[in-house]
Amino acid sequence: MNELIWLAPLLFIVHDMEEIIWGLSWKNKNSCRKKYINIPFTPFGTLSDTSVFALAVGEELLLFLLASSIGYFFHRYELWLGILFANTFHLVVIHIIGTLLIYRSYVPGLITSILTLIPNCLIIKKAIEMLDYSTVHLILWLVLGTIITFANLKAVHKCDGLFRKLIP
């Protein structure tokens with residue numbers, strides 16, 4: 001487990017680097033672009049500039065590293081597994097399915113979503129096999145990790161103004 005636990009945040013940051021580098025530039029160029037399906041949000045949300053976006057990604061990474069550290073030092077892998085599941089779910093639903101259905105073209109995060117999806121799924125499969133949690137225990141933590149991750153993501157998007165004040 002100790003090797004798997006640190007690979008997951010590494011894959012997370014590989015994906016988010018693509019978004020940091022290309023995301024807000026893409027958003028600014030494509031904000032008026034016709035969408036094929038009407039949705040109540042836009043990719044990269046309310047985040048206003050690359051520095052703010054990078055700070056938000058850094059905060060998300062700290063959450064993932066905290067869960068990884070808890071797993072590593074205390075051998076409690078439930079939160080880590082839940083966050084990894086939520087991240088993988090996000091790659092599939094938002095980046096691979098969502099952006100292809102909505103924009104029918106490249107949206108930053110798509111390439112690394114595809115490239116990191118298989119390793120993430122293999123890590124989840126291997127962790128589930130190694131940890132041998134009961135079905136109820138596993139489902140509880142997958143749901144809880146997803147709730148924590150998406151609540152954190154929503155909070156990060158709401159902190160755009162605060163993050164902007166932190167960056168000179």
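1. **Basis.** This is a predicted model: local features need pLDDT of at least 70, side-chain atom pairs count only at pLDDT 80 or more, and totals for chains, interfaces and linings use all residues. Residues are numbered from 1 along each chain as its sequence is written, and side-chain values use heavy atoms, with hydrogens and water left out.

2. **Overall make-up.** The chain has six helices and zero strands. Along the sequence the pattern reads α-α-α-α-α-α. Helices (H or I, at least four residues) and strands (E, at least two) are DSSP runs, numbered from the N terminus. Of the 168 residues, 44% are buried. Buried means under 20% relative accessible area, exposed over 50%, and partly exposed in between (1.4 Å probe, protein chains only).

3. **Contacts along the chain.** Among contacts with a separation of 6 or more, 79% join residues 24 or more positions apart. Contact means heavy atoms within 4.5 Å.

4. **H1 against H3.** Two packed helices are described by the angle between their axes and the distance between the axes. Helix H1 (residues 2–30) packs with H3 at an angle of about 30°, and their axes are 11 Å apart. Axes are lines fitted to C-alpha atoms, for helices over the stretch in contact, and angles run from 0 to 180 degrees between N-to-C directions. H1 and H3 are therefore roughly parallel to each other. Angles under 35 degrees count as roughly parallel, over 145 as roughly antiparallel, 65 to 115 as roughly perpendicular and the rest as oblique. H1 passes H3 in a left-handed crossing. A crossing is left-handed if the near helix is turned anticlockwise from the far one by less than a right angle, and right-handed if clockwise.

5. **Residues between H1 and H3.** From H1 come Leu 4, Ile 5, Ala 8, Phe 12, His 15 and Glu 19; they meet Trp 80, Leu 84, Asn 87, His 90, Leu 91 and His 95 in H3. By class, this contact of H1 with H3 has seven nonpolar, four polar and one charged residues. Ala, Val, Leu, Ile, Met, Phe, Trp, Tyr, Cys and Pro count as nonpolar, Asp, Glu, Lys and Arg as charged, and the others, Gly among them, as polar.

6. **H3 against H4.** The axes of H3 and H4 come within 9 Å and cross at roughly 150°. Their crossing is left-handed. Residues of H3 including Trp 80, Leu 81, Leu 84 and Phe 85 meet residues of H4, among them Ile 124, Ala 127, Ile 128 and Leu 131. By class, the contact of H3 with H4 has 17 nonpolar, seven polar and no charged residues.

7. **Ile 128, in H4.** Ile 128 lies in helix H4 (residues 110–131). At 32% relative accessibility, Ile 128 counts as partly exposed. Beyond neighbours within four places in sequence, Ile 128 touches Leu 81 and Leu 138. The C-alpha atoms of Ile 128 and Leu 138 are separated by 8.2 Å, and the two residues are 10 residues apart along the chain.

8. **H5 and its buried residues.** Helix H5 (residues 135–158) has 24 residues, which at 1.5 Å a residue should span 34 Å; its end C-alpha atoms are 35 Å apart, which agrees. The expected span is 1.5 Å times one less than the number of residues. Buried in H5 are Leu 138, Leu 142, Gly 145, Thr 146, Thr 149, Asn 152 and Val 156. An α-helix has 3.6 residues a turn, so residues three or four places apart point the same way. The buried residues of H5 pack against helix H2 (50–74), helix H3 (78–102), H4 and helix H6 (160–166).

9. **H2 against H5.** The axes of H2 and H5 come within 10 Å and cross at roughly 155°. H2 and H5 are therefore roughly antiparallel to each other. Their crossing is right-handed. Ala 56, Glu 59, Glu 60 and Leu 63 in H2 meet Ile 148, Asn 152, Leu 153 and Val 156 in H5. By class, the contact of H2 with H5 has five nonpolar, one polar and two charged residues.

10. **Asn 152, in H5.** Asn 152 sits in helix H5. Asn 152 is buried, with a relative accessible area of 15%. Leaving aside neighbours within four places in sequence, Asn 152 contacts Glu 59, Glu 60 and Leu 63.

11. **Ile 83, in H3.** Ile 83 belongs to helix H3. Ile 83 is buried, at a relative accessible area of 4%. Setting aside neighbours within four places in sequence, Ile 83 is in contact with Leu 63, Phe 64, Ala 67, Gly 145 and Thr 149. Ile 83 and Gly 145 are 62 residues apart along the chain, with their C-alpha atoms separated by 4.8 Å.
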